[in-house]
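Student: I have a new model open and would like to go through it with you. Can we start?

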Amino acid sequence: MRIVVLVSGTGSNLQAVIDAVKAGDLDVDIAAVGADREGTYGVERSAAAGIPTFVVNFKAYPDRADWNAALTRAVAAYKPDVVVSSGFMRIVSPEFIDAFHGKYLNTHPALLPAFPGAHGVRDAMAYGVKVTGCTVHWADAGVDTGPIIAQEAVAIEDTDTEETLHERIKVVERRLLVSTLAALAADPAYSAAPHPN
Ligand code: GRF
């Protein structure tokens, strides 16, 4: 199974995928890693691992539609079976989802449909829930919406800060992302088919 991974930040979840592939625990080909901005550590660590990288800089395009079209072309060039959003902080267009037959996987640091958006960890703490977690799902063109594949709960401790909680969630998130990719690689029909857009 060929994957393209999209990142906006440090790419520590991506690193877990790279490590699992290197260890022989995950039978996927990371065809490329792409980012929406220059200078991400996610791209840097991919290049260091010998993975092809690309940047489709959101700020370099006159509008979102042009950027989406450029991103779609850049990803399609690597002919992925699955595209993975791993801390990719941009919403893609329905055309992007369609171009990859809905096979656009996202991870989110909360138990969706609760606390979608860029601040899932902060929002869960602010609400005062005692349990949050992470979700791996097929993403559609909404904000953290689409069919859920896997979830796991993480308890919020009284002493938690956003950082300590997010770090504990990410430990679980990495494991869920790797196990979901392994299940998909073993059986492409694993999990409900994504909703067509
Ligand atoms: C993850 O928790 C992801 O779900 C969220 O941002 C974090 C990305 O972390 N949207 P990293 O870039 O993989 O370290």
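Student: Is Asn 13 buried or exposed?
Tutor: Asn 13 is buried, because 24 other C-beta atoms lie within 10 Å and 20 or more is the cut-off for buried. Bear in mind that this is a predicted model.

Student: Which element is Asn 13 in?
Tutor: Asn 13 is part of helix α1. Ser 12 is in α1 too, and that helix covers residues 12-22.

Student: What does Asn 13 touch, leaving out residues up to four places away in sequence?
Tutor: Asn 13 touches Ser 86, Gly 87, Thr 107, Lys 170, Glu 173, Arg 174 and Leu 177.

Student: What does UniProt place at Asn 13?
Tutor: An unreviewed UniProt entry places the feature "binding site" at Gly 11, Ser 12 and Asn 13. Such annotations may be inferred rather than shown by experiment.

Student: Which residues are closest to the ligand in the model?
Tutor: Gly 9, Ser 12, Asn 13, Gly 87 and Pro 109 are the closest, out of 15 residues that surround the ligand.

Student: Which element supplies the largest share of that shell?
Tutor: Helix α1 does, with three residues. The elements that each supply at least two residues of the shell are α1, β5 (104-108) and α6 (162-186).

Student: How many of the shell residues are nonpolar, polar or charged?
Tutor: Ten are polar, three are nonpolar and two are charged.

Student: Back to α6. How many residues does it have?
Tutor: α6 has 25 residues. From its first C-alpha to its last it reaches 35 Å, close to the 36 Å expected at 1.5 Å a residue.

Student: Which of the α6 residues are buried?
Tutor: Among them are Lys 170, Glu 173, Arg 174 and Leu 177, which are also residues that Asn 13 touches. The buried residues of α6 also include Leu 165, Arg 168, Ile 169 and Leu 184.

Student: What do the buried residues of α6 pack against?
Tutor: They pack against α1, β4, β5, α5, β6 and β7.

Student: New topic, α3. What span should it have?
Tutor: Helix α3 runs over residues 64-76, and its 13 residues should span 18 Å at 1.5 Å a residue. Its end C-alpha atoms are 18 Å apart, which agrees.

Student: Which residues of α3 are buried?
Tutor: Trp 67, Asn 68, Leu 71, Thr 72 and Val 75 are buried in α3. They are on the same side of α3, because they cover an arc of only 135 degrees around the axis.

Student: What is on the other side of α3?
Tutor: Ala 65, Asp 66 and Arg 73 are there, and these are exposed.

Student: What does the buried side of α3 pack against?
Tutor: The buried residues of α3 pack against β1 (2-7), β2 (29-35), β4 (82-85) and α4 (94-99).

Student: Where is Phe 58?
Tutor: Phe 58 lies in the loop between β3 (53-55) and α3. It is partly exposed, with 17 other C-beta atoms within 10 Å. Leaving aside neighbours within four places in sequence, Phe 58 is in contact with Asp 36, Arg 37, Trp 67 and Arg 90.

Student: Now backbone geometry. Where is the cis peptide bond?
Tutor: It joins Leu 112 and Pro 113, with omega about 10 degrees. Pro 113 is in the loop between β5 and α5 (120-127).

Student: Which residue in that β5 to α5 loop is Phe, and what is its phi?
Tutor: Phe 115 is found in that loop. Phe 115 has a positive phi of about 55 degrees although it is not a glycine. With 23 C-beta neighbours inside 10 Å, Phe 115 counts as buried.

Student: And what about Asp 144?
Tutor: Asp 144 also has a positive phi, near 60 degrees. Asp 144 lies in the loop between β6 (131-138) and β7 (148-155), and it is buried, with 23 other C-beta atoms within 10 Å.

Terms used:
Residues numbered from 1 in each chain as written. Predicted model: local features only at pLDDT ≥ 70, side-chain atom pairs only at ≥ 80, totals over all residues. Helix = DSSP H or I, 4+ residues; strand = E, 2+ residues; numbered from the N terminus. Buried ≥ 20, exposed ≤ 12 C-beta atoms within 10 Å, placed from the backbone. Contact = placed C-beta atoms within 7 Å. Near = placed C-beta within 6 Å. Nonpolar A, V, L, I, M, F, W, Y, C, P; charged D, E, K, R; others polar. Expected span 1.5 Å × (residues − 1). Arc of directions from axis to C-beta.
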